[in-house]
Amino acid sequence: DARRDGVYDSNSVSIFERDFLAKHISQGLIDPNDIHLIVSLKYDGISVENTVKGSTIISSCSRGDTANNEASDLTPILGGMEFHRAKNANIEDKEFGIKFEYIITDYNLNRIRQRFGIDYVNRRNAVIGIFGRLDARQLRDYLTPVPLESSLNVDRITEIEFLNRYYTKGETLRYIEVRGNYSQVLYQVNEFVKEANTLREMMPFAYDGVVVEYF
């Protein structure tokens, strides 16, 4: 693909096969005959780190001003938000961290437009705009938190399935497991990327790529 698009030798372009898989194989970090990956959508919203106690968010912050290493405290907005299904997770009052990507669906954008007469240029601007409003707490339920990872000490698939089951509000982290040799893995990742690209305009929320991680 990089050769076809004329960017194979560009210093500003990283190539998945050359700069990720092949590089790590040459370094002896992975076995080319048994590669295990998780591939997921890269949701386009705002990344937020929450501390939950049982089913309830007790503190929350975003990356904020990364240049000055200052996080934005979002607890006044998200504090007290409940994930009702988590009451059945048998974790009682356990405290742990969850990183979410807060996005907004087309359905909720339309609800905000109809109820409040507020229009946004695009979905990501809507998320930023809501968090920046003085009445953001009243509008928080129009946002959709997608769980990305947690501080739980469990394997990655167990973590994703647990978060998708108990800590979602209408949208789960969409992912696949990929396993095989070098060629098989490349084919499967490429198929996921092509499908994600094809469906992008039809999906009711925004994403701007895929995330690949070793498992």
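1. A contact here means heavy atoms within 4.5 Å. With that in hand, look at Asn164, which touches Arg85, Pro147, Thr172, Leu173 and Tyr175 when residues up to four places away in sequence are not counted. Asn164 is found in helix 6 (residues 156-166); helices (H or I, at least four residues) and strands (E, at least two) are DSSP runs, numbered from the N terminus. At 11% relative accessibility, Asn164 counts as buried. Buried means under 20% relative accessible area, exposed means over 50%, and partly exposed lies in between (1.4 Å probe, protein chains only).

2. A word on what you are looking at. This is a predicted model, in which local features need pLDDT of at least 70, side-chain atom pairs count only at pLDDT 80 or more, and totals for chains, interfaces and linings use all residues. Residues are numbered from 1 along each chain as its sequence is written, and side-chain values use heavy atoms, with hydrogens and water left out.

3. How confident is the prediction? The protein averages a pLDDT of 94, and 96% of the residues score at least 70; pLDDT is the predictor's confidence in each residue, from 0 to 100. Confidence is lowest in strand 4 (residues 70-73), with a mean of 78, and highest in strand 6 (residues 144-150), at 98. Where pLDDT is low, the predicted coordinates should not be read in detail.

4. Now for the overall picture. The protein has seven helices and eight strands, and its C-alpha atoms fill a box of roughly 50 × 40 × 35 Å, taken along the principal axes. Of its 215 residues, 40% count as buried. The accessible surface comes to about 12,400 Å², of which 45% belongs to carbon and sulfur atoms; such areas come from the Shrake-Rupley method with a 1.4 Å probe, and for residues only the protein chains shown count as cover. Among contacts between residues at least 6 apart in sequence, 71% join residues at least 24 apart.

5. Leu37 is found in strand 1 (residues 35-43). Is Leu37 buried or exposed? Leu37 is buried, with a relative accessible area of 0%. Leaving aside neighbours within four places in sequence, its contacts include Phe16, Ile176, Val178, Val212 and Phe215. For a sense of distance, the C-alpha atoms of Leu37 and Ile98, 61 residues apart along the chain, are separated by 21 Å.

6. Tyr142 sits in the loop between helix 5 (136-139) and strand 6, and Tyr142 is buried, with a relative accessible area of 5%. Beyond neighbours within four places in sequence, Tyr142 is in contact with Ile104, Asn108, Arg111, Ile112, Arg115 and Phe116. Tyr142 and Pro204 are 62 residues apart in sequence and 14 Å apart in space, C-alpha to C-alpha.

7. How many salt bridges does a search of the whole structure find? The search finds 15, where a salt bridge is a side-chain nitrogen of Lys or Arg within 4 Å of a carboxyl oxygen of Asp or Glu. In one of them, the side chains of Asp34 and Arg179 meet at 3.1 Å, N to O. This pair links distant parts of the chain: Asp34 is in the loop between helix 1 (16-26) and strand 1, Arg179 is in strand 7 (residues 175-180), and they are 145 residues apart. Asp34 counts as partly exposed, at 37% relative accessibility.

8. Two further salt bridges deserve a visit. Glu82 and Lys87 meet through their side chains at 3.8 Å, N to O, and Glu82 counts as partly exposed at 28% relative accessibility. The side chains of Arg123 and Asp106 form a salt bridge at 2.8 Å, N to O. Arg123 lies in helix 4 (residues 123-131) and Asp106 in helix 3 (residues 106-116), so the pair ties together parts that are 17 residues apart in sequence.

9. Finally, find the aromatic rings. Rings of Phe, Tyr and Trp (its six-membered ring) pair if their centres lie within 6.5 Å; planes under 30 degrees apart count as stacked, over 60 as edge-to-face and the rest as tilted. By this rule there are twelve aromatic pairs. Phe83, Phe96, Phe100, Tyr102, Phe131, Phe162, Tyr166 and Tyr167 form one aromatic cluster.
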